[in-house]
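Here is a short briefing on one strand and the sheet around it. Look over the sequence and the model first.

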Amino acid sequence: MRKIFYRDAIREALDEEMGRDPMVMMIGEDVGVGDGTWKCSKGLREKYGDLRMKDSPISEAGFTGMCIGMALTGMRPIAEIMFEDFMLVAMDQIVNQMNKVSYMSGGQKHIPMVIRTTIGAGRAAAAQHSQNLTAAVAHFPGAKIVMPSDAYTAKGLLKSAIRDDDPVIVIEHRKHFSVEFDMPDDADENLLLPLNKAAVVREGKDLTVVASSFQVQQAVNVAKHLEKQGVSVEVIDLRSIVPIDKETIIKSVKKTGKLLIIDEGCEQFGVPAEITAQVLPHVFYDLDAPIMRHCAPNCPVPFSPALEKLFVPTEKTMLKAMKQLL
(Lines give C-alpha, C1' and ligand atoms only; values in the text may rest on other atoms or scores of the structure.)
Protein backbone atom coordinates (compact mmCIF):
# COMPACT_ATOMS: atom_id res chain seq x y z
CA MET A 1 0.00 0.00 0.00
CA ARG A 2 0.99 3.61 -0.55
CA LYS A 3 -0.62 6.79 0.70
CA ILE A 4 -2.07 9.22 -1.82
CA PHE A 5 -4.39 12.20 -1.77
CA TYR A 6 -7.62 11.90 -3.73
CA ARG A 7 -6.67 14.85 -5.96
CA ASP A 8 -3.31 13.23 -6.75
CA ALA A 9 -5.00 9.97 -7.74
CA ILE A 10 -7.07 11.93 -10.26
CA ARG A 11 -3.94 13.66 -11.54
CA GLU A 12 -2.25 10.26 -11.95
CA ALA A 13 -5.17 9.03 -14.03
CA LEU A 14 -5.13 12.16 -16.23
CA ASP A 15 -1.35 12.01 -16.64
CA GLU A 16 -1.29 8.33 -17.53
CA GLU A 17 -4.10 8.59 -20.06
CA MET A 18 -2.71 11.74 -21.69
CA GLY A 19 0.68 10.06 -21.93
CA ARG A 20 -0.85 6.92 -23.41
CA ASP A 21 -3.13 8.58 -25.99
CA PRO A 22 -2.29 11.91 -27.71
CA MET A 23 -6.01 12.36 -28.49
CA VAL A 24 -6.83 12.88 -24.80
CA MET A 25 -7.07 16.56 -23.81
CA MET A 26 -8.76 18.60 -21.11
CA ILE A 27 -10.65 21.87 -21.15
CA GLY A 28 -12.33 23.88 -18.41
CA GLU A 29 -12.12 26.92 -16.18
CA ASP A 30 -8.64 27.23 -14.58
CA VAL A 31 -7.53 23.69 -15.53
CA GLY A 32 -4.26 24.90 -17.07
CA VAL A 33 -2.60 27.96 -15.58
CA GLY A 34 -4.48 27.53 -12.30
CA ASP A 35 -3.74 23.78 -11.97
CA GLY A 36 -7.46 23.07 -11.68
CA THR A 37 -9.92 24.30 -9.07
CA TRP A 38 -9.03 21.42 -6.77
CA LYS A 39 -5.37 21.17 -7.99
CA CYS A 40 -6.12 17.91 -9.80
CA SER A 41 -4.27 18.99 -12.96
CA LYS A 42 -1.18 20.49 -11.32
CA GLY A 43 1.82 20.33 -13.65
CA LEU A 44 -0.04 18.85 -16.62
CA ARG A 45 -0.07 22.09 -18.65
CA GLU A 46 3.71 22.31 -18.36
CA LYS A 47 4.03 18.67 -19.42
CA TYR A 48 1.50 18.50 -22.26
CA GLY A 49 1.19 22.08 -23.43
CA ASP A 50 -1.55 24.66 -23.70
CA LEU A 51 -3.38 22.93 -26.56
CA ARG A 52 -4.05 19.81 -24.48
CA MET A 53 -4.67 21.54 -21.14
CA LYS A 54 -6.89 24.37 -22.28
CA ASP A 55 -8.28 27.09 -20.04
CA SER A 56 -11.77 28.08 -21.15
CA PRO A 57 -13.95 31.15 -20.80
CA ILE A 58 -16.68 30.98 -18.17
CA SER A 59 -19.10 29.24 -20.52
CA GLU A 60 -20.00 25.66 -19.62
CA ALA A 61 -22.31 25.40 -22.62
CA GLY A 62 -19.53 26.66 -24.89
CA PHE A 63 -16.71 24.34 -23.89
CA THR A 64 -19.02 21.33 -23.45
CA GLY A 65 -20.19 21.87 -27.02
CA MET A 66 -16.56 22.15 -28.14
CA CYS A 67 -15.81 18.80 -26.51
CA ILE A 68 -18.71 17.18 -28.36
CA GLY A 69 -17.32 18.49 -31.64
CA MET A 70 -13.81 17.30 -30.82
CA ALA A 71 -15.13 13.86 -29.83
CA LEU A 72 -16.90 13.59 -33.19
CA THR A 73 -13.53 14.09 -34.94
CA GLY A 74 -11.84 11.28 -32.98
CA MET A 75 -10.42 13.11 -29.98
CA ARG A 76 -11.10 12.10 -26.36
CA PRO A 77 -11.79 15.39 -24.57
CA ILE A 78 -12.36 15.82 -20.85
CA ALA A 79 -14.54 18.74 -19.80
CA GLU A 80 -14.14 19.92 -16.21
CA ILE A 81 -17.31 21.58 -14.96
CA MET A 82 -16.32 23.11 -11.65
CA PHE A 83 -19.58 22.39 -9.80
CA GLU A 84 -22.41 20.06 -10.76
CA ASP A 85 -24.69 23.06 -10.25
CA PHE A 86 -23.14 24.57 -13.41
CA MET A 87 -24.05 21.54 -15.52
CA LEU A 88 -27.51 23.09 -15.71
CA VAL A 89 -26.02 25.82 -17.91
CA ALA A 90 -24.84 23.15 -20.37
CA MET A 91 -27.85 20.83 -20.22
CA ASP A 92 -28.88 21.47 -23.82
CA GLN A 93 -25.44 20.36 -25.00
CA ILE A 94 -25.42 17.39 -22.60
CA VAL A 95 -28.98 16.15 -23.01
CA ASN A 96 -29.74 17.02 -26.64
CA GLN A 97 -26.30 16.58 -28.19
CA MET A 98 -23.81 14.51 -26.17
CA ASN A 99 -26.35 11.93 -24.98
CA LYS A 100 -28.16 11.53 -28.29
CA VAL A 101 -25.56 11.50 -31.09
CA SER A 102 -24.96 7.75 -31.03
CA TYR A 103 -28.70 6.99 -30.91
CA MET A 104 -29.66 9.49 -33.62
CA SER A 105 -26.88 8.28 -35.92
CA GLY A 106 -27.86 4.64 -35.57
CA GLY A 107 -24.57 3.89 -33.82
CA GLN A 108 -22.49 5.31 -36.66
CA LYS A 109 -21.11 8.10 -34.47
CA HIS A 110 -19.86 8.03 -30.89
CA ILE A 111 -18.94 10.69 -28.36
CA PRO A 112 -15.87 9.42 -26.43
CA MET A 113 -15.80 12.30 -23.97
CA VAL A 114 -15.77 12.68 -20.20
CA ILE A 115 -17.35 15.34 -18.01
CA ARG A 116 -15.66 15.69 -14.62
CA THR A 117 -17.66 17.60 -12.05
CA THR A 118 -18.08 17.91 -8.28
CA ILE A 119 -20.82 17.73 -5.68
CA GLY A 120 -20.84 18.25 -1.94
CA ALA A 121 -22.46 20.31 0.75
CA GLY A 122 -20.61 21.06 3.96
CA ARG A 123 -18.31 23.88 2.84
CA ALA A 124 -20.69 26.83 3.37
CA ALA A 125 -20.82 27.45 -0.38
CA ALA A 126 -24.58 28.18 -0.26
CA ALA A 127 -27.48 26.96 -2.34
CA GLN A 128 -26.05 27.40 -5.86
CA HIS A 129 -22.64 25.76 -5.33
CA SER A 130 -23.46 22.79 -3.08
CA GLN A 131 -26.19 20.80 -4.76
CA ASN A 132 -26.29 17.15 -5.68
CA LEU A 133 -28.16 17.20 -9.01
CA THR A 134 -27.13 13.69 -10.06
CA ALA A 135 -30.70 12.37 -10.18
CA ALA A 136 -31.71 15.14 -12.58
CA VAL A 137 -28.77 14.44 -14.91
CA ALA A 138 -29.30 10.66 -14.66
CA HIS A 139 -32.89 11.00 -15.84
CA PHE A 140 -31.76 11.51 -19.45
CA PRO A 141 -30.38 8.35 -21.12
CA GLY A 142 -27.23 8.30 -23.20
CA ALA A 143 -24.32 8.71 -20.76
CA LYS A 144 -22.85 6.55 -18.03
CA ILE A 145 -22.52 8.19 -14.61
CA VAL A 146 -20.04 7.10 -11.94
CA MET A 147 -19.19 8.38 -8.44
CA PRO A 148 -15.84 7.45 -6.86
CA SER A 149 -15.69 6.88 -3.10
CA ASP A 150 -11.91 6.98 -2.53
CA ALA A 151 -8.59 7.49 -4.34
CA TYR A 152 -8.57 3.95 -5.77
CA THR A 153 -11.99 4.26 -7.38
CA ALA A 154 -11.28 7.86 -8.43
CA LYS A 155 -8.30 6.70 -10.47
CA GLY A 156 -9.74 3.46 -11.79
CA LEU A 157 -13.12 4.84 -12.82
CA LEU A 158 -11.65 7.94 -14.46
CA LYS A 159 -9.20 5.91 -16.54
CA SER A 160 -12.00 3.62 -17.70
CA ALA A 161 -14.20 6.62 -18.46
CA ILE A 162 -11.52 8.22 -20.65
CA ARG A 163 -11.13 5.00 -22.64
CA ASP A 164 -14.87 4.44 -23.10
CA ASP A 165 -16.26 5.13 -26.57
CA ASP A 166 -19.41 6.80 -25.24
CA PRO A 167 -19.91 9.76 -22.87
CA VAL A 168 -19.21 9.28 -19.17
CA ILE A 169 -19.93 11.74 -16.37
CA VAL A 170 -17.57 11.37 -13.40
CA ILE A 171 -18.91 13.00 -10.25
CA GLU A 172 -16.35 13.69 -7.51
CA HIS A 173 -17.03 14.90 -3.97
CA ARG A 174 -15.22 18.08 -3.03
CA LYS A 175 -14.73 16.91 0.58
CA HIS A 176 -12.51 14.14 -0.79
CA PHE A 177 -9.85 16.18 -2.60
CA SER A 178 -7.65 16.83 0.44
CA VAL A 179 -8.20 13.40 2.03
CA GLU A 180 -5.36 10.87 1.99
CA PHE A 181 -6.22 7.26 1.15
CA ASP A 182 -4.49 3.90 0.92
CA MET A 183 -3.74 2.91 -2.67
CA PRO A 184 -2.72 -0.65 -3.62
CA ASP A 185 0.78 -0.85 -5.06
CA ASP A 186 -0.57 -2.47 -8.24
CA ALA A 187 -2.94 0.44 -8.94
CA ASP A 188 -0.75 1.62 -11.80
CA GLU A 189 -1.42 2.54 -15.43
CA ASN A 190 -3.23 -0.79 -15.85
CA LEU A 191 -5.88 0.02 -13.24
CA LEU A 192 -9.27 0.01 -14.96
CA LEU A 193 -12.49 -0.37 -12.97
CA PRO A 194 -15.79 -1.36 -14.63
CA LEU A 195 -18.24 1.48 -15.18
CA ASN A 196 -21.28 -0.67 -14.41
CA LYS A 197 -20.47 -2.50 -11.18
CA ALA A 198 -21.07 -1.87 -7.49
CA ALA A 199 -18.75 -3.30 -4.83
CA VAL A 200 -19.42 -4.87 -1.44
CA VAL A 201 -16.91 -3.01 0.73
CA ARG A 202 -18.02 -4.58 4.02
CA GLU A 203 -19.89 -7.86 4.42
CA GLY A 204 -22.76 -8.34 6.85
CA LYS A 205 -25.93 -10.35 7.45
CA ASP A 206 -28.44 -8.13 9.30
CA LEU A 207 -28.81 -5.05 7.08
CA THR A 208 -27.77 -3.90 3.60
CA VAL A 209 -26.67 -0.29 3.25
CA VAL A 210 -26.18 1.17 -0.23
CA ALA A 211 -24.20 4.40 -0.42
CA SER A 212 -22.07 6.35 -2.88
CA SER A 213 -19.28 8.91 -2.90
CA PHE A 214 -18.48 10.53 0.46
CA GLN A 215 -21.22 8.61 2.28
CA VAL A 216 -19.55 5.20 1.70
CA GLN A 217 -16.82 5.62 4.31
CA GLN A 218 -19.31 7.18 6.72
CA ALA A 219 -21.53 4.11 6.35
CA VAL A 220 -18.55 1.81 6.94
CA ASN A 221 -17.68 3.72 10.12
CA VAL A 222 -21.24 3.33 11.41
CA ALA A 223 -21.18 -0.37 10.51
CA LYS A 224 -18.02 -0.81 12.58
CA HIS A 225 -19.74 0.92 15.50
CA LEU A 226 -22.80 -1.33 15.25
CA GLU A 227 -20.61 -4.42 15.04
CA LYS A 228 -19.59 -3.76 18.64
CA GLN A 229 -23.29 -4.02 19.52
CA GLY A 230 -23.67 -7.35 17.73
CA VAL A 231 -25.20 -5.97 14.53
CA SER A 232 -23.73 -7.04 11.19
CA VAL A 233 -24.12 -4.42 8.42
CA GLU A 234 -23.25 -5.03 4.76
CA VAL A 235 -22.12 -1.87 2.95
CA ILE A 236 -22.30 -1.57 -0.84
CA ASP A 237 -20.40 1.15 -2.70
CA LEU A 238 -22.72 1.94 -5.60
CA ARG A 239 -19.95 3.44 -7.81
CA SER A 240 -22.16 3.40 -10.93
CA ILE A 241 -25.31 5.53 -10.92
CA VAL A 242 -26.08 4.81 -14.57
CA PRO A 243 -26.39 1.91 -14.98
CA ILE A 244 -27.35 0.71 -11.49
CA ASP A 245 -25.85 -2.66 -10.59
CA LYS A 246 -29.08 -4.01 -9.17
CA GLU A 247 -27.83 -7.62 -9.17
CA THR A 248 -25.26 -6.90 -6.42
CA ILE A 249 -27.91 -5.13 -4.34
CA ILE A 250 -30.50 -7.86 -4.85
CA LYS A 251 -28.07 -10.59 -3.80
CA SER A 252 -27.25 -8.72 -0.61
CA VAL A 253 -30.86 -7.92 0.33
CA LYS A 254 -31.89 -11.55 -0.16
CA LYS A 255 -29.32 -12.35 2.53
CA THR A 256 -30.06 -9.52 4.99
CA GLY A 257 -33.77 -8.87 4.47
CA LYS A 258 -33.36 -5.12 4.99
CA LEU A 259 -32.22 -2.26 2.74
CA LEU A 260 -31.22 1.31 3.59
CA ILE A 261 -30.16 3.62 0.72
CA ILE A 262 -28.11 6.70 1.60
CA ASP A 263 -27.74 9.68 -0.74
CA GLU A 264 -26.72 13.32 -0.32
CA GLY A 265 -29.29 14.49 -2.86
CA CYS A 266 -32.73 15.71 -1.88
CA GLU A 267 -35.19 12.94 -1.11
CA GLN A 268 -37.89 13.66 -3.69
CA PHE A 269 -37.48 11.99 -7.12
CA GLY A 270 -33.97 10.89 -6.18
CA VAL A 271 -31.51 8.08 -6.90
CA PRO A 272 -32.68 6.01 -3.87
CA ALA A 273 -36.22 6.02 -5.27
CA GLU A 274 -34.90 4.65 -8.58
CA ILE A 275 -32.88 1.96 -6.83
CA THR A 276 -35.96 0.98 -4.84
CA ALA A 277 -38.07 0.69 -7.99
CA GLN A 278 -35.46 -1.48 -9.73
CA VAL A 279 -34.75 -3.76 -6.76
CA LEU A 280 -38.15 -4.18 -5.08
CA PRO A 281 -39.77 -6.62 -7.56
CA HIS A 282 -36.87 -9.04 -7.01
CA VAL A 283 -36.72 -8.90 -3.19
CA PHE A 284 -40.34 -8.27 -2.16
CA TYR A 285 -40.79 -11.64 -0.41
CA ASP A 286 -37.30 -11.48 1.13
CA LEU A 287 -37.85 -8.18 2.97
CA ASP A 288 -38.35 -8.11 6.73
CA ALA A 289 -39.08 -4.36 6.65
CA PRO A 290 -39.90 -1.71 4.03
CA ILE A 291 -36.97 -0.32 2.05
CA MET A 292 -35.80 2.93 3.66
CA ARG A 293 -33.93 5.91 2.23
CA HIS A 294 -31.83 8.46 4.08
CA CYS A 295 -31.29 11.65 2.07
CA ALA A 296 -31.05 15.40 2.34
CA PRO A 297 -34.35 17.20 3.05
CA ASN A 298 -36.41 18.72 0.27
CA CYS A 299 -35.08 22.27 0.49
CA PRO A 300 -32.13 24.24 -0.92
CA VAL A 301 -28.73 23.78 0.74
CA PRO A 302 -28.46 26.31 3.60
CA PHE A 303 -25.58 28.79 3.69
CA SER A 304 -25.39 28.81 7.49
CA PRO A 305 -22.83 26.19 8.62
CA ALA A 306 -25.03 25.32 11.59
CA LEU A 307 -28.00 24.59 9.34
CA GLU A 308 -25.84 22.92 6.69
CA LYS A 309 -24.68 20.35 9.25
CA LEU A 310 -28.32 19.40 9.73
CA PHE A 311 -28.89 19.18 5.97
CA VAL A 312 -26.42 16.49 4.89
CA PRO A 313 -26.45 12.86 6.06
CA THR A 314 -23.87 12.34 8.81
CA GLU A 315 -22.65 9.31 10.73
CA LYS A 316 -24.97 10.32 13.56
CA THR A 317 -28.05 10.48 11.34
CA MET A 318 -27.02 7.30 9.49
CA LEU A 319 -26.76 5.46 12.82
CA LYS A 320 -30.25 6.64 13.73
CA ALA A 321 -31.63 5.49 10.36
CA MET A 322 -29.97 2.07 10.62
CA LYS A 323 -31.29 1.54 14.14
CA GLN A 324 -34.76 2.59 13.02
CA LEU A 325 -34.74 0.02 10.22
CA LEU A 326 -33.31 -2.70 12.48
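Helices (H or I, at least four residues) and strands (E, at least two) are DSSP runs, numbered from the N terminus. This is a predicted model: local features need pLDDT of at least 70, side-chain atom pairs count only at pLDDT 80 or more, and totals for chains, interfaces and linings use all residues. Residues are numbered from 1 along each chain as its sequence is written, and side-chain values use heavy atoms, leaving out hydrogens and water.

**Strand 10**

**Partners of strand 10**
- Two strands pair if DSSP finds at least two bridges between them.
- Strand 11 (residues 233-237) runs parallel to strand 10, joined by 5 bridges.
- The chain goes from strand 10 through helix 8 (residues 215-227) to strand 11, a right-handed β-α-β crossover (clockwise from the first strand over the helix to the second, with the strands pointing away from the viewer).
- Strand 13 (residues 259-266) is also parallel to strand 10, with 3 bridges.
- Val210 stands opposite Ile236 in strand 11, and its bridge partner in strand 13 is Ile261.

- The open sheet has 5 strands in the order 9-11-10-13-14, with mixed pairing.
- Strand 9 (199-202) and strand 14 (292-296) are the edges, each pairing on one side only.
- Strands 13 and 14 run parallel, joined by 4 bridges.
- Cys266 stands opposite Ala296 in strand 14.
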